[in-house]
Amino acid sequence: MMEDLWGVAVGVFQLWMFMVVFLIMLPAMCGLSLGVTGVYIQVLVKILEWATGRIQRGRQEQPSVPVPLPNGIIERAGGSMEEEMEQLRGGQSLAAGEFALSDAFYFCKRGLESIVDDQVTQRFSSEELASWNLLTRTNQNFRYISLRLTIIWVVGVVVRYGVLFPLRITLAIIGLSWLVIGTVLVGFLPESSLKHWLSELIHLTCYRICARGLSATIHYHNKENRPQKGGICVANHTSPIDVVILANDGCYAMVGQIHGGLMGVIQRSMVRSCPHVWFERSEMKDRHTVTSRLRAHVAAKTKLPILIFPEGTCINNTSVMMFKKGSFEIGGTIYPVSIKYDPRFGDAFWNSSKYNMVSYLLRMMTSWAIVVNVWYLPPMTLQEDEDATQFASRVKSAIALKGGLLDLEWDGGLKRQKVKDSYKEEQQKMYSSIIVGQNGHSPTKESDPSTEDTGATGRDS
């Protein structure tokens, strides 16, 4: 009896590995697709559309069914400080430069708006969905609307946890093992074009296997603008898997802080075969050291393009926040990239204050899929009439516009830090300039240490 069970187990394992290796891993390594993921996504879209329609009918039949909250709770006025104050004064011009008690209501109004629905805090929570995507984590008792919806939800749980999750774990283990072993072996070769070619091949195949392990469907646009060697690739940052998404289409030199544990093992193996730029914790605080090493890398036009996320933290796939100017002081050509995930199939945003890395990866591996659009924008360089801060803002605006994201001026560092006095002082200076009659004067933000970092690929604030 035991021998029969053992034989069955061995047979199942062999069949499983055959499917993983020959139907998924090898096509992924060659950059090919058998079309299974595409069919899977099409089926998912049909199921989600049916579920959306059933939920809408359920709301009509059962008024108690919750309605998703809108993205914005309040409607903000779009005018400037001066325009809004003139409205509060009943249309009276501010040219006279006199203080009016009604001016205080402007600041009270802005303060209450920030308390109720500020533009920063909501960027660090999961994106609101227009309808339920049949995931338990986004469920609001929708599954009780009808028996058929309940059955579909149960089948989805079985498929995600019983089939997709083991498959994705297997692919992740194979991909990471191949990365560590392959880069260590290539690291023993002398410096040559063969070593660089093998290193890029190993990195590319590894990331492609990991992407298949997430059931990732990636749409790359404008490939003629892909980052070139000796350049700097900057992108908006939603998730640690942004690296996998971008490296699935080309190799990059990563920038980040050296970690311990499994991440440290992977970093040390990668740097043996490829010139990644890893920093010790003490070096990350030394802006001059970081900038010098990055400039030296960019100066070597034969090295892979550097990949940097200038926001320095993960944002929830709805916005792009302030780019730290250090990345734009290095020099060289900037290759902007805009990344936008489809939230219907899974929430790619990493809320590091709520989930650790292991919990986040488990959520990713039990989602339906990862569907993402990547736009390569035309290369950009520093213009004669702008400084690094203005250049960073220009690149950020271009990325936000292309990806359909909100362009915010706020620093992502506010995720864990208190609001700096310079932000308060800026509002005071603007009001003061209006009162003293310097209309049209808009003081610029003062230099702030938090804006001088380069951002990093493996770091999340």
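A salt bridge is a side-chain nitrogen of Lys or Arg within 4 Å of a carboxyl oxygen of Asp or Glu. With that in mind, look at Arg344 and Asp342, whose side chains meet in a salt bridge at 2.8 Å, N to O.

Before going on, a word about the model. It is predicted, so local features need pLDDT of at least 70 and side-chain atom pairs count only at pLDDT 80 or more, while totals for chains, interfaces and linings use all residues. Residues are numbered from 1 along each chain as its sequence is written, and side-chain values use heavy atoms, with hydrogens and water left out.

**The overall picture**

The protein has 13 helices and nine strands. These are DSSP runs numbered from the N terminus: helices (H or I) have at least four residues, and strands (E) at least two. Of its 461 residues, 46% are buried. Here, buried means under 20% relative accessible area, exposed means over 50%, and partly exposed lies in between, with a 1.4 Å probe and protein chains only. The protein exposes about 23500 Å², and carbon and sulfur atoms supply 61% of it. Such areas come from the Shrake-Rupley method with a 1.4 Å probe; for residues, only the protein chains shown count as cover.

Contact means heavy atoms within 4.5 Å. Among contacts with a separation of 6 or more, 77% are between residues 24 or more positions apart.

**Salt bridges**

A search of the whole structure finds eight salt bridges. Here are three of them.

| Pair | N to O distance |
|---|---|
| Lys229 and Glu200 | 3.6 Å |
| Arg344 and Asp342 | 2.8 Å |
| Asp407 and Lys396 | 2.2 Å |

Asp407 belongs to strand S9 (residues 406–407) and Lys396 to helix H12 (residues 388–403), so this pair links distant parts of the chain, 11 residues apart. Lys396 is buried, at 1% relative accessible area, whereas Asp407 is partly exposed at 32%.

Lys229 is partly exposed, with a relative accessible area of 44%. Salt bridges also link Lys223, Arg226 and Asp249 in a network.

**An enclosed strand**

Strand S8 (residues 370–376) is largely enclosed by the rest of the structure, because six of its seven residues are buried. Two strands pair if DSSP finds at least two bridges between them. S8 pairs with strand S1 (residues 216–221) in the parallel sense over six bridges, and Val372 is the bridge partner of Ile218. With strand S7 (residues 334–341), S8 pairs in the antiparallel sense over five bridges; there, Val337 stands opposite Tyr376.

**A buried serine**

Ser273 is in helix H8 (residues 261–273) and is buried, at 5% relative accessibility. Beyond its neighbours within four places in sequence, Ser273 has contacts that include Thr183, Lys195 and His203. His203 is 70 residues away from Ser273 in sequence, yet 9.7 Å away in space, C-alpha to C-alpha.

**A nonpolar patch**

Helix H1 (residues 2–29) gives the largest share, six residues. Met19 lies in H1 and is partly exposed, at 38% relative accessibility.
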